[in-house]
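I opened my notebook to record what I looked up in this model, one entry at a time.

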Amino acid sequence: MKKTTRLVILLAVLAVCFAFLWPSISWYWRTPKEVQALALGSLENIKDYATARAGEDVKAVKAAAKADAASKIDAKYEWLEKTAAKKYKKIGEKVPSPMTVAGILSAYSNEAELLEEFTAIYRDEILKAKKNYQNSVKLGLDLSGGMNIIVKADLDAAAASQTEANVIADIDQFKKDAMANAIENLSSRIDRFGLTEPVIRQQGEDRIYIEMPGAAEADSINTIIMGKGILNFRLVDSEATEKFSEYYANHAAGTFNANGELIDTSVIPSDCEVMGQYTKDDYGLDERIGYLVVKKEIALDGQHIKSATVGADNLTNRPEVDFVLDGDGAEIFAKFTGAHKGEYLAIVSDNKIKSYARINDAITGGRVAITGFGLEEAQNLQKVLQTAWLNVPLSVESQQVIGASLGEQAIQQGIKAIIVGLLAIMVFMIIWYKAAGINAVVAQVLNLYIMFSILSAFNLTLSLPSIAGMILTIGMAVDANVVIFERIKEEVALGKSRAAAIATGFDNAFWAIMDSNITTFIAAIFLSQLGTGSIQGFAVSLAIGVISSVFTALFVSRLMFDFDTDILKATRVSIGWRVK
């Protein structure tokens, strides 16, 4: 391969690695701590924060307009002049000159539109930080502190509770569905409490592993885990919803407080309450898309649902959700739907409206079909309905809390170990191999650079065992350089020229290095697949290190030797004290 081609490949690799590392750099060094805290919260909390902050800004702008409508807007809101000008051009009206506070407000049709403009600024900033975090190297519990919990799901008890009411055709499939919904409920519940980026996964057949970085109170966590989601059906007050929507459009900044509570309760009837309407976003989390006013009285409790499936309408072939009620539920639902024909019924889960549909006729027999959804929406609704009937008893089997102070100490010790180890190796290589040792030093630095970029690219977690794997990799990478350098020494001793000694040295050392690294890589792969926890973290970092060390030792180091030979016109190899 030509030297120019190798240089282009090296530069391309370094550029790609930088692109992979950029989210980690942005998150850990360029994102303020307060923005990090918000980005680690749930999307709902982010939206509530952005709305509250935007509400304050809207009030400030309106206050400025009331005080002096002809004045220029405050410097921190100057960006509104450009957005207002775009709105004027979009509707074909002349842009006011100069742009006053009153002119800016006139560009927006109502207060809700202005509120959304401000909300987008705060939301985009936090969501951008959240995206950087998701694409960055994560710190494990041993570095960031936090809590890990193992929850046992009593699947036999869940199956027993069902067989009393109906026969389960496939017990294995029932248990799989029960576990999937238990994990779904835990994910939703933990996210609703704003806990930071939890890791929730199934472990074995009937256990759920939960990892929550950051400080958390054990008692509150247990309450969240052991609590049960509440699913019920509520009647929608369409008239009150219409009036509330009109009120919200004109008073968006002052409708809710920072906790999402209605400030002026007189805007809705006393027997009603406002609930957010939610759908699943791109992250699989609940995203609020609007509000509905529903009756406080529960029309039907979710405990009456026996099963839920996704089917298709016989006439239109469009997806529909079918669920079956028990005897009491069928009777209650028949009376209620008969009395409220033409009105809308909302499905509420954990105080969130997940769906609502029109009551076309009295529904008797205990079998209910809900239409008007796409396939994905129907599948999501099925999961919501299954929350009620797949009632899986959960119990905390083990719980471990790791203090954040311990994590900070571990980070400092790990960084110190890497720096000291790297410096010691650098000093040794330069003393023992003279100028050639500098090549090894540069290769080591690039080795770490590539390793961290790969960790960031695959969103892997950095833990103490991972750092141990990196330190081991540093030693192994130096070993490859030592093998190459000693081979070159042998060739120089035979009287060969610099170019010939280097070429022959690398060629002779190639398979010795490849054989040792391939065997290490195979062992690391098996460990990463068969091991768990800290063993897996060590194995993954070791496997990444093996690949990067081979690249830097055989590719980068060779390129630097050739650069000295061809560009700097070096004729001798400075590779040891006894080599002339």
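Entry one. I looked up the neighbours of T83 and found that T83 touches Y108 and E117, leaving aside residues up to four places away in sequence; contact here means heavy atoms within 4.5 Å. T83 lies in helix α4, residues 79-90, where helices are DSSP runs of H or I with at least four residues, numbered from the N terminus. The side chain of T83 also makes a polar contact of 3.2 Å with the side chain of Y108, a polar contact being a pair of N or O atoms within 3.5 Å, one able to donate a hydrogen and the other to accept it.

I noted that the model is predicted, that local features need pLDDT of at least 70 and side-chain atom pairs pLDDT 80 or more, while totals for chains, interfaces and linings use all residues. Residues are numbered from 1 along each chain as its sequence is written, and side-chain values use heavy atoms, with hydrogens and water left out.

Entry two. Is T83 buried or exposed? T83 has a relative accessible area of 18% and is therefore buried, since buried means under 20% and exposed over 50%, with partly exposed in between (1.4 Å probe, protein chains only).

Note on methods: Helices (H or I, at least four residues) and strands (E, at least two) are DSSP runs, numbered from the N terminus.
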